[in-house]
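Open the model in your viewer and keep the selection tool at hand.

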Amino acid sequence: MLLRVGHRFGRADLRRRMRAYVHGLLGPVGRKNGWQLAEYVGHSSPAGLQHLLNRARWDADEIRDDVQAYVAERLGEDDGVLVIDETGFLKKGDTSAGVQRQYSGTAGRTENCQVAVFAAYASSRGRTLVDRELYLPKSWTSDRERCREAKVPDGRGFATKTELARVLVARALSSPLPISWVTADALYGQDWHFRHMVEEAGLGYVVAVPKSQQVKSLAGCWRIDQLVGDAPDEAWERLSCGEGAKGPRVYDWAAAQLPAIPFFDGGEPSHRRWVMARRSIARPDEIAYYLAYAPTGTAVSQLVKVAGSRWSIESCFQSAKNECGLDQYEVRRYVGWYRHITLAMLAHAFLAATTAHARTARGAGETDRPSPRSAWQKSAGSWQLAAPRPAITNGAAPTRR
């Protein structure tokens, strides 16, 4: 892996420092800050490693591209899933690029932190982080002098997290990563522009949405929680959405196809849209909602599997922070942040590929009709929404959303 990226560093001393830094990130270092990393790799001070992150000439985006190519080779599968989510990095002070008091899912509350949007790649062979974008709040992008002090490029303006997510998806589509599906939480799933972009790319998606999400089609217009509440008992089936830390993650799931829209989808659409819901077995009042877009003929079990892969990025965050020092940096400048995060992603990708190889080496030695009053009807083995229901909005004509 280090040989693959070595040519990105024009000088031998930079290549040595990069290798030392990555070895430190992979090593048994208590806290992977400048001094402890320097001591682990035998440097008398952290000056050389700090120079690598802050002042040396090399492009972190080129390393990111190399990481994506490496992941495609070692973990790539035709049904690979791109997972989008954000994570927070708790920080003190107000000089680190992008820092302010804002909500951090990591802390579960509003904290002084940086927030970044990440993409992870997940397949049956493994999972790892493959891209990143630092979120810059308006308090930063509206203060150009503050941005210049943190070395934020003049061309970097404000972008919402969903806009950053679309950038990550676009880059992944132009990379060697074999991707068939995209999944994300409700922040991204409720954004029609995000879903439309994935549809236009010909990929499938399963994205979480809030319970107030409007579902519009030629069959009617509903709030998704009211629509799911109308589902008959027979529409729910118990399925595993993947392995968790304590075994299979089993829930009750309901899924129904939406009627095709000929104007948008043509006479014989290659993909169909779905509504889905996941209900806790132990706490039936806990229901999560999803919208999906999948090739015609896709089984509900496959949609459930894609929905479950969203948790893989949480696992990546945890392991990258615990094992590769993803959040243990001491850089404040914009460029330094991207460099540290990218090298930590490289280290994590190496661990993921090594795990996949070890797993492969070891391997070498799982119908009743609903009530006619319901919008839910079963046809050709799957549930569909076919009967118009009273609209719950102001009566506007259904649109593709």
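**A tour of the salt bridges**

Start with Asp61, which is partly exposed at 32% relative accessibility. The model you are looking at is predicted.

Arg132 and Asp61 make a salt bridge, and their closest N and O atoms lie 2.9 Å apart. This pair links distant parts of the chain: Asp61 belongs to helix 5 (residues 60–75) and Arg132 to strand 4 (residues 126–134), 71 residues apart. Is Arg132 buried or exposed? Arg132 has a relative accessible area of 0%, so it counts as buried.

Clear the selection and pick Arg166 and Asp191. What joins them? They form a salt bridge, with 2.9 Å between the closest N and O atoms. This pair also links distant parts of the chain, 25 residues apart: Arg166 is in helix 8 (residues 161–173), while Asp191 is in the loop between helix 9 (186–189) and helix 10 (192–200). Arg166 is partly exposed, with a relative accessible area of 22%, whereas Asp191 is buried at 14%.

Last, select Arg148 and Asp154. Their salt bridge has its closest N and O atoms 3.5 Å apart. Arg148 is partly exposed, at 43% relative accessible area. Asp154 reaches 54%, which is over the 50% cut-off, so Asp154 counts as exposed.

How many salt bridges does the structure hold? The total is 20, and the pairs on this tour are among them.

Terms used:
Residues are numbered from 1 along each chain as its sequence is written. This is a predicted model: local features need pLDDT of at least 70, side-chain atom pairs count only at pLDDT 80 or more; totals for chains, interfaces and linings use all residues. Side-chain values use heavy atoms; hydrogens and water are left out. A salt bridge is a side-chain nitrogen of Lys or Arg within 4 Å of a carboxyl oxygen of Asp or Glu. Helices (H or I, at least four residues) and strands (E, at least two) are DSSP runs, numbered from the N terminus. Buried means under 20% relative accessible area, exposed over 50%, partly exposed in between (1.4 Å probe, protein chains only).
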